[in-house]
Amino acid sequence: MFDATKRTASDIKEMKIRGAGRIARAGASAMEDFAESYRGSSLEGFKKDLDSAKDILLGSRPTAVSLWNGVQACLKDVDKASSLEEARGSVVRNAKAFVETSNNAVDAIAKIGAKRVEKGDTIMTHCNSSAAIGVIKEAHAQGKDIKVFATESRPWRQGLLTVRELSDAGVDVTLIIDSAVRMVMKDIDKVFVGADTVTSNGSLINKIGTSQLALAANEERTPFYVCTETYKFSPMTIFGDIVEIEERDCGEVARPEEIPKGVKIFNPVFDTTPAKYIDAMITEVGMISPGSVYDVMVRQFGDIILKMRDNK
Ligand code: RI2
């Protein structure tokens, strides 16, 4: 019953599906498939099995709250359903709606963010964020004659995906190693990065190394923008929960034979950029300050937040 769900979870864990937005959409689509192909006969059984499917998906990657919000969006009407068919239908409907909203959000962010790009700007981006790339491609399509420096983003080197996508779109793009960020920053006009999770106090959790871009940008007085759909805002952080930073296998950093005996490897996937280094969050509901994240979150996820509060 859970084979397809487990396949999606494993593709997410192994980074075959990656990027906070993509994993959220994949999670929602997996919930849709589960509901559509469900062969059980009782509403109670469906709710229990749906819960197990949810847990399988959420166990795949711990940091990006987008996955949690995407899966949760599919479940929001299940408790109101009075029949199995109604419950299944609500999951399918809400999953489709989430995927559509998510894709539209990336487009909206591109349009809003591109207004912040001026003709001739040199931009830096980190890792591989569809939201940040959307802004850059939109600015390029508007003829703004931009240059981009993209970080390699060790150890997975997702920067290679970024430079390919930008160069395919005709953007003048240069790949740099992660440790070149400080040196290159003096030539950068604006930084655009994506988000895996945004906390209620406006801090950003994004690919490891993001905070170095933010520090270097701050020192150079270079504006630092976060391109983030609001479903990357974490409702649990309102209640004090700490975002778990995923640590991945040491084999991603070096081959076993390269490591002297006794040497340990630490491979955190994300880091935290404090709100004070962020000039603005570019979201599908507009450009907001990090200080407004709480208010936007309450507006977007009011029901979920109330439910969480009642369960605390
Ligand atoms: P979009 C990625 O995480 C990167 O950290 C990127 O900045 C973020 O997701 C957001 O990506 P990973 O899955 O949703 O590569 O903007 O670990 O595509």
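The ligand lies between domain 1 (3-106) and domain 2 (115-311), because both give residues to the shell around it; the domain bounds come from an automatic or database domain assignment. This is a predicted model, in which local features need pLDDT of at least 70 and side-chain atom pairs count only at pLDDT 80 or more, while totals for chains, interfaces and linings use all residues. Residues are numbered from 1 along each chain as its sequence is written, and side-chain values use heavy atoms, with hydrogens and water left out.

**Ligand shell**

Around the ligand there are 18 residues, of which Gly21, Ser130, Asp196, Asn206 and Lys232 come nearest; a residue counts as near if one of its heavy atoms lies within 4 Å. The shell comprises 5 nonpolar, 8 polar and 5 charged residues, with Gly classed as polar and Asp, Glu, Lys and Arg as charged. At least two shell residues each are supplied by helix H2 (20-36), helix H6 (130-141) and strand S6 (204-207). Helices (H or I, at least four residues) and strands (E, at least two) are DSSP runs, numbered from the N terminus.

| Residue | Protein atom | Distance to a ligand oxygen atom |
|---|---|---|
| Arginine 18 | polar side-chain atom | 2.7 Å |
| Glycine 21 | backbone N or O atom | 2.7 Å |
| Serine 130 | side-chain N or O atom | 2.4 Å |

Taken alone, the ligand exposes 450 Å², and the protein buries 100% of that; these accessible areas come from the Shrake-Rupley method with a 1.4 Å probe.

**Backbone features**

Most residues other than glycine have a negative phi, and most peptide bonds are trans. Methionine 15, in the loop between helix H1 (3-13) and H2, has a positive phi near 65°. A cis peptide bond, with omega about 0°, joins arginine 154 and proline 155. Proline 155 belongs to the loop between strand S2 (147-151) and helix H7 (159-168).

Note on methods:
Polar contact = N/O pair within 3.5 Å; in protein donor to acceptor, adjacent residues only side chain to side chain.
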